[in-house]
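Please look through the model below before reading my comments.

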Amino acid sequence: MTTRILICDDSALARKQMARALPEGLRGDVSFAKDGVEALEKLRGGEAELLFLDLNMPEMDGYQVLEQVRKEDLPVMTIVVSGDIQPEARDRVKKLGALDFIKKPTETCTVLDLLVEYGVYRPGELEDSALQDSSLKSIGSAAPEISVSLNDYLQEISNVAMGRSSDLLARLLRVFVKQPIPKVAFLANSELHMAISSVSDSDTYSAVCQGFTGAGIAGEALLLFADASFREMAEMLHYDTLVGEAVNVEVLMDMSSILFGAFLKGIGDQLDLKLSLGHPTVLGQHRQITELLEHHSAREEQLLCIEICYALEDRDIECDMLILLTEDSVPFLEDRLQYLVD
């Protein structure tokens, strides 16, 4: 008998990658859930003995699923698969009952080692049985086909890159960074302010931008830092002076260096290219979002926009990062997507 496996992830690409990372002998009894609510329904119905669980999902995230599994004493072994690689994230899921933690993107050798370690799989055993038992001939067949869109692809690689930048920030500041779900949309330059989901009309922000290029891809990274967060951020960075325009600019530059560098390297590693960064430029200070994005409004080009809102747990610190990719970058990204899903 094979082990019934449930893969729970809101990303179609991540579900596909996880299914492909399984050894062939376990691919014959795999099901999928798009969020925590659907996963719990399947677990309550006894549809799985092993759960591969993402953390960052809508409706119900992975932490909430683990809490509910423990509360209801559901009979399932859980391995967390996440782009959030903060040490605190690993500790929290272990305390909630997860067997182990795998970082995204998943690697077959890592998955195999864990499955062998926990006695779920013995290499060759299921395949040998399948040759002798006609009822097991479907074992080793491909997992159900999963369709992956460009938006889903970008959201997933952004999720992994966000995990790297959050991990760097968490280690430097000794905090826990809340992980949002990256938002991806095609927008005209004049509509960029609509991409910012976390601000109100009364909020004022300061912003820094930095261009980047690579083979087949180009764009601009923008960091929009809430003015109300400057003093606390300066304190966490151990500045000698905590207030003043010079300090605010220093905070902007330090935060952009941390987040842009780690995030764009994470994107580049997944796309198998090296991104070159230009010099950072302060767009403005203590202004509303629409004013800070005014320099884009005169251009007519459509942009592929990725938005991530970073927030530090138990701190009044928030900042938005926008990654704006040019229209000319889209064919390159589509080619990379096709390569991954074929």
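The points below go from the overall fold to single residues.

1. Basis. This is a predicted model, in which local features need pLDDT of at least 70, side-chain atom pairs count only at pLDDT 80 or more, and totals for chains, interfaces and linings use all residues. Residues are numbered from 1 along each chain as its sequence is written, and side-chain values use heavy atoms, with hydrogens and water left out.

2. Overall content. The protein chain has 12 helices and 13 strands; these are DSSP runs numbered from the N terminus, helices being H or I of at least four residues and strands E of at least two. Of its 342 residues, 53% are buried (buried is under 20% relative accessible area, exposed over 50%, partly exposed in between, with a 1.4 Å probe and protein chains only). Among contacts with a separation of 6 or more, 73% are between residues 24 or more positions apart; contact here means heavy atoms within 4.5 Å.

3. Nonpolar cores. A nonpolar core is a set of buried Ala, Val, Leu, Ile, Met, Phe, Trp, Tyr and Cys residues joined through side-chain atoms within 4.5 Å. The largest one has 73 residues, and Phe52 and Phe263 have the most contacts inside it. Helix α9 (residues 245-271) supplies the largest share of this core, 11 residues. A second, separate core has 26 residues, including Leu40, Leu51, Val93 and Phe176.

4. Phe263 and Ser165. Leaving out residues up to four places away in sequence, Phe263 touches Ser158, Ala161, Met162, Ser165, Ile308, Tyr310, Met321 and Ile323. Ser165 belongs to helix α7 (residues 150-173) and is buried because its relative accessibility is 0%. Beyond its neighbours within four places, Ser165 contacts Leu259, Ala262, Phe263 and Tyr310. A polar atom of the Ser165 side chain is 3.0 Å from the backbone oxygen of Met162; a polar contact is a pair of N or O atoms within 3.5 Å, where within protein one must be able to donate a hydrogen and the other to accept it, and residues adjacent in sequence count only if both atoms are side-chain atoms.

5. Packing of α7 and α9. How do the two axes cross? The axes of α7 and α9 come within 8 Å and cross at roughly 140 degrees, with axes fitted to C-alpha atoms over the stretch in contact and angles running from 0 to 180 degrees between N-to-C directions. The pair is therefore oblique (under 35 degrees is roughly parallel, over 145 roughly antiparallel, 65 to 115 roughly perpendicular, and the rest oblique). Residues of α7 that meet α9 include Tyr153, Leu168 and Leu172, while Met255, Ile258 and Leu271 are among those on the α9 side.

6. Ala188. This residue is in strand β7 (residues 183-188) and counts as buried at 16% relative accessibility. Its C-alpha atom is 4.4 Å from that of Gln302, which is 114 residues apart along the chain. Ala188 touches Glu301 and Gln302, again not counting residues up to four places away in sequence.

7. Backbone points to check. A cis peptide bond joins Lys104 and Pro105, with omega about -10 degrees; Pro105 is in the loop between β5 (100-103) and α5 (108-117). Asp272 has phi near 60 degrees, a positive value in a residue other than glycine. Asp272 sits in the loop between α9 and β10 (276-277) and is exposed, with a relative accessible area of 65%. Phi of His286 is also near 60 degrees; His286 lies in strand β11 (residues 281-287) and is partly exposed at 36% relative accessibility.
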